[in-house]
Amino acid sequence: QLSGGQRQRVGVARALAADPPVLLMDEPFGAVDPVVRERLQNEFLKLQSRVRKTVLMVTHDIEEAVRMGDRIAVYGEGRIEQFDTPGAVLGSPATPYVAEFVGADRGLKRLSVTAIEPDDLEQPPLARLDEPAGTAAARLGAAGARWAVVLNEAGELHGWVSADALRIAGDQGTVGELARRMDAWVPVGAPLKRAFSEMLQRDAGWIAVLDGARFLGVLTPAKLHEALRRSVDADAQGVGRDEVRFDSVADA
């Protein structure tokens, strides 16, 4: 009387109950629908973070391999074509077979394995909740800014306010009275894919990035592209992202 997802959970639990040093899983999430599959993958990753087992997982789904694995072995043509990190497999396929296997959209897939770092962020103009609207308007005007992120006294994200709204209000009010709440944000360390998805869903030109409740900065499409490009080059050179020089078209 168990559903497919429940049977999968029972199978994983039985395997872990024996406390093996190495766990072999052959297409463990292949017999369920996409929603249940993602839920099971999340549960397994949380469990793995606690039990810390070596797991050899067989899958034909490159997105599942990228999401679940610390290392990926791409097998084809009777041999191991490439054994590397998910980022390296997506960014620098070792053979034509690997390039074909990961797909022409491997750049998009790489968004799933590239984490947002503090150095990826821009620092926008800031305004305080209790700041007079006229004062904030003058400051934004001098900086040529069209909007500002609004923080509370603790440096936590409250929302944003437009320069036009501040200018119209003048001395009649505060930033807090004009600010719009901001529900779209992502935590630092989240994958770039999550930030990109939020931008698309909310038709936003930037997304706020938080460390807990503390505001760190904003991620823009240009900075997202730079983070992705740095990640690819860092893997190719075997160095950290902060050691990679990036020259954008905008700088040319």
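Within the largest nonpolar core, which has 16 residues, Ile-116, Leu-192, Ile-207 and Leu-219 touch the most other members; a nonpolar core is here a set of buried Ala, Val, Leu, Ile, Met, Phe, Trp, Tyr and Cys residues joined through side-chain atoms within 4.5 Å, with buried meaning under 20% relative accessible area, exposed over 50% and partly exposed in between (1.4 Å probe, protein chains only). Two or more residues of this core are given by each of α10, β10, β11 (214-219) and α11 (221-237), where helices (H or I, at least four residues) and strands (E, at least two) are DSSP runs numbered from the N terminus. Another core lies apart from it and comprises 14 residues, among them Ala-127, Ala-136, Ala-163 and Ala-169. The structure is a predicted model, in which local features need pLDDT of at least 70 and side-chain atom pairs count only at pLDDT 80 or more, whereas totals for chains, interfaces and linings use all residues. Residues are numbered from 1 along each chain as its sequence is written, and side-chain values use heavy atoms, with hydrogens and water left out.

When residues up to four places away in sequence are not counted, Leu-192 touches Leu-111, Thr-114, Ile-116, Leu-219, Leu-224, Ala-227 and Leu-228, contact being defined as heavy atoms within 4.5 Å. The domain assignment divides the protein chain into domain 1 (4-114) and domain 2 (118-226), with bounds that come from an automatic or database domain assignment. The C-alpha centres of domain 1 and domain 2 are 37 Å apart.

The largest pocket has a volume of about 840 Å³; on a 1 Å grid over the protein atoms alone, a pocket is an open set of points where a 1.4 Å probe fits, with protein on both sides within 12 Å along at least five of seven lines, and lining residues have an atom within 4 Å of a point. Grid points are joined across faces, edges and corners, and a volume is the space filled by probe spheres set on the points. Among the 28 residues lining the largest pocket, Val-55, Met-57, Gly-69, Arg-71 and Ile-72 are the closest to its centre. Two or more lining residues are contributed by each of α2 (34-51), β2 (54-58), α3 (62-68), β3 (72-76) and α5 (96-102), and the largest share, five residues, comes from β2. This lining consists of 16 nonpolar, six polar and six charged residues, where Ala, Val, Leu, Ile, Met, Phe, Trp, Tyr, Cys and Pro count as nonpolar, Asp, Glu, Lys and Arg as charged, and the others, Gly among them, as polar.

The second largest pocket holds about 500 Å³ of space and is lined by 15 residues, of which Gln-41, Glu-63, Arg-67, Ser-112 and Lys-193 lie nearest its centre. Elements giving two or more residues to this lining are α2, α3 and α6 (106-110), and its residues divide into four nonpolar, two polar and nine charged.

Glu-27 is located in the loop between β1 (22-26) and α2 and is partly exposed, because its relative accessible area is 28%. Asp-203, in the loop between α10 (192-202) and β10 (207-211), counts as exposed because its relative accessibility is 73%.
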